[in-house]
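The stops below are given in the order in which to select them.

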Amino acid sequence: MKIDHNSTTSATNGGDTTVFRTIEVAVFDRRDLSPPPVVASPSPVVGDELNLIPPLNFAMVDNGIFRSGFPDSANFAFLQTLGLRSIICLCPEPYPEATTEFLKDGGIRLYQFGIEGYKEPFVNIPEDTIREALKVVLDAKNHPVLIHCKRGKHRTGCLVGCLRKLQKWCLSSIFDEYQRFAAAKARVSDQRFMELFDVSTLKHMPMSFSCSKRW
């Protein structure tokens, strides 16, 4: 911006003197009006919480007990927040190497109870295997524990359903929970298995979590 100064002058006209005041004129250079350069703001730092991805069908079953589908490397950061001591895998396939290393690094013990993922009408759920898996779930030394199969629906649903029987849930509540996870894939054979499963041999085992009835 430039400022021009006009000097004060006077003129005499018939004996009268007229005084002209000094006028300051501001001349703006359009280049001075150009906007200031835009400074790019630093990229926002993505918080760790945005990278916490739970496994498929993840949910809390009870204090220290969780369920899900098969976890993969994208879920490792989330699983670390659970402070797991144990994982119960109900799939017969060998555990992936990356997941095995994750368990080793975290001091997490793996209990694998291989149950084949058959489709109806050829479903065969081994009662003895479910009973042995329940013993691991009931042992508080294994908590926090994650129970999983491939999708977290049928095999996991059956194990959790049998646990609910120990917690004295009514069958309708057990089936409702099972169906929430199995959805359109719910199997009558799974529900029949849970209904007939005998929990009497496990009632002597202490439970460190809630044992309230669910009506």
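Buried means under 20% relative accessible area, exposed over 50%, and partly exposed in between, with a 1.4 Å probe and protein chains only. The model is predicted, so local features need pLDDT of at least 70 and side-chain atom pairs count only at pLDDT 80 or more, while totals for chains, interfaces and linings use all residues. Residues are numbered from 1 along each chain as its sequence is written, and side-chain values use heavy atoms, with hydrogens and water left out.

Select Glu 177 to begin. Glu 177 counts as buried, at 6% relative accessibility. Its place is in helix 5, residues 171-182; helices (H or I, at least four residues) and strands (E, at least two) are DSSP runs, numbered from the N terminus. Show what surrounds Glu 177: beyond neighbours within four places in sequence, it is in contact with Arg 67, Val 160, Arg 164 and Trp 169, where contact means heavy atoms within 4.5 Å.

Next, select helix 6, residues 188-196, and colour its buried residues: Asp 190, Gln 191, Phe 193 and Met 194. They lie on the same side of helix 6 because they cover an arc of only 155° around the axis; the arc is that of the directions from the helix axis to the C-beta atoms. Turn to the other side of helix 6, where Val 188 and Leu 196 are exposed. What do the buried residues of helix 6 pack against? They pack against helix 3 (127-138), helix 4 (154-166) and helix 5.

Ile 130 is the next selection. Outside four places in sequence, Ile 130 is in contact with Ile 115, Ile 125, Leu 159, Cys 162, Phe 193 and Phe 197. In the largest nonpolar core, which has 48 residues, Ile 88, Leu 90, Ile 130 and Leu 159 touch the most other members. Such a core is a set of buried Ala, Val, Leu, Ile, Met, Phe, Trp, Tyr and Cys residues joined through side-chain atoms within 4.5 Å.

Now move to Ser 86, in strand 7 (residues 86-89). Ser 86 is buried, with a relative accessible area of 2%. Draw a distance from its side chain to the backbone oxygen of Asn 142: the value is 3.1 Å. Contacts of Ser 86 beyond four places in sequence include Ile 108, Tyr 111 and Pro 144.

Finish at Ile 108, in the loop between helix 2 (97-106) and strand 8 (109-112). At 11% relative accessibility, Ile 108 counts as buried.

Definitions and conventions: Polar contact = N/O pair within 3.5 Å; in protein donor to acceptor, adjacent residues only side chain to side chain.
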